[in-house]
Every structure is written in structure tokens, then in C-alpha cells.
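Please look at the model before reading on.

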Amino acid sequence: MTQAVRLLSRQPFTQAYSCEHESTNVKNRPDPSVLSPDISDPFSSPHLIYSTNGTDTFPAPSSYPSRKYAWIHIFPEGRVHQHPRKTMRYFKWGVARLILEPDVCPDIVPMWIEGNDQVYNEEREWIRFAPRPGKTLGIWFGDNVGGARDNVFTELRRKWRELLENERKQRNLLKGENELGVLSEGLKYGKEAIELRIECTKRVRDEVLKVRRLRGLPDEDPKNGLVETWIEEGGKREGKMKDGSLVKEI
């Protein structure tokens, strides 16, 4: 997630320590000595590499300046969901982080994709890996609802910046010293932060529903957008659910 947030932003992702801060009483000020443990290997810096499990390492996509403000395609349901009435599950909160945390609000183009349940139905048997021919796929695009202008996310991003500033003051950090895409416990689990992510995710889902409506499908039950509704599935995470939908982890 940190890499995705940074790909939607531009470097630097944290403010480097400089002599301008010498007069400031800051805890854990870096020791400039050559023997200091604060001097790190630039080739193992978290700005240049990332890990998917804490053990492996890969070059960080966001470390390349040419990739600033990249295009990222998100499937916010976070899994395959094939419903006979073409309804959606609730959206995962990660989509909110990609809108609230970048240095500018990214362009956001809602899409509606239909037909994968015919080409790759989750109940297909032999030959399972092969797409089914003769089927129809459709993609509908909505208008850009993000970007630099005022939009439905502007107020939410303002509130997020206020949370960041309050966090900075509480932790006695210098301005700009928060690392982009890295959250403290308060910004992960604090009540205000959670409420912002819930509201932001709801607004994203509402924009996708508008495209679904333009496609000609009837409005779905508003309860489908609530995580509480899907808790009724119980512990079953894949296969055919009670509502007739086919679900698979991705």
C-alpha cells in the first residue's frame, strides 16, 4: 500500500534532515559521524526497496522519478465476486488511502466491467484455465471525479491533512517529517481516521454505482455496500454463497 500511495505522488517522500534544524530540539537527531548507525546503506534504504512479506525484497517502483503520478487500476472489492444480479460487495478501505494520502488528489475514473462471469465463470470445469469463446465483455467509464479541482473528496482530504498535522505535533516531528504512505498506530486505528476511510470508500462506491446505473442496471440494495451485510456469509470465504454469488480470493 505504501508503494501505491507513493506512485500516486512525487518524490521526496520524507523531508531530509538539514542544517536548518540544528537549533531545533528534536529527539533522535541523526549523528553525522561516519561511524554513526544513523548512516544507512542507500541500496537497502526503504525508499529504494520494499517487501511483500518482511523477508523478500524488490526494487521499489516508486523510487523511479519517471513513475510519479502513475496510473493504478484498482479492483476495490478485493476478490472475484460474480453475482447473478450483477451487484457489488462492499469496497475495501485501501481505496480510501489511495485518495486521502497522496500529495495531490489523483484523477479518479470509475469503471463498470461486465462479462467476466461468462468468460471465466468460477464454476467452470475442464478446461478450467481456458477462456470461454463467444461471450461478450463490456466496459463502461464514468467521468473523472478526482484531480486538482474541487471534488467530492476535497473536504475529506482536508480533514486527513488536519489529522496528519495533529499527529506531527503530538509526536514532536518537524514539518514534512512524516513519511508518505507510512501510518502511525493513531492514523491506522484512530476513530477519526477510520471514519474518514469509511466515508471516502463509500463515496468511491457511489461513483461506481452511477456508472452501473448508466449501463442500465437497476439500483441495488444499499445494504450491499456495508461490511456488516457480508458478515452473514460466516466463515466461508470462497465458493457459492447463500445469495447465489460466486466468490474467490485473489
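The model is predicted: local features need pLDDT of at least 70 and side-chain atom pairs count only at pLDDT 80 or more, while totals for chains, interfaces and linings use all residues. Residues are numbered from 1 along each chain as its sequence is written, and side-chain values use heavy atoms, with hydrogens and water left out.

**The chain**

The protein chain has 7 helices and 7 strands; helices (H or I, at least four residues) and strands (E, at least two) are DSSP runs, numbered from the N terminus. Read from that end, the order is α-β-β-β-α-β-α-β-α-α-α-α-β-β. Of the 250 residues in the protein chain, 35% are buried, that is, under 20% relative accessible area with a 1.4 Å probe, protein chains only. The accessible surface (Shrake-Rupley method, 1.4 Å probe) is about 16,300 Å², and carbon and sulfur atoms hold 55% of it.

**Paired strands**

Strands pair if DSSP finds at least two bridges between them.

| Strands | Bridges | Direction | A bridge partner pair |
|---|---|---|---|
| β3 (residues 79–82) and β7 (residues 246–249) | 4 bridges | antiparallel | V80 and K248 |
| β6 (residues 239–240) and β7 | 2 bridges | antiparallel | K240 and L246 |

The hairpin of β6 and β7 has 5 residues between the strands, and G244 there takes a positive phi near 90 degrees.

**Cavity and pocket**

Rolling a probe the size of a water molecule over the atoms shows where empty space is left. On a 1 Å grid over the protein atoms alone, a cavity is a set of points where a 1.4 Å probe fits but cannot get out; a pocket is an open set with protein on both sides within 12 Å along at least five of seven lines, and lining residues have an atom within 4 Å of a point. Grid points are joined across faces, edges and corners, and a volume is the space filled by probe spheres set on the points.

The count is 1 cavity of 30 Å³ or more. The largest cavity holds about 40 Å³, and its lining includes R6, F13, Y64 and K68.

The second largest pocket holds about 1,300 Å³. Its lining has 49 residues, with H73, I74, F75, P76 and I113 nearest the centre. The elements giving two or more residues to this lining are β3, α2 (94–100), β4 (111–114), α3 (116–119) and α6 (191–214).

Methods: Buried means under 20% relative accessible area, exposed over 50%, partly exposed in between (1.4 Å probe, protein chains only).
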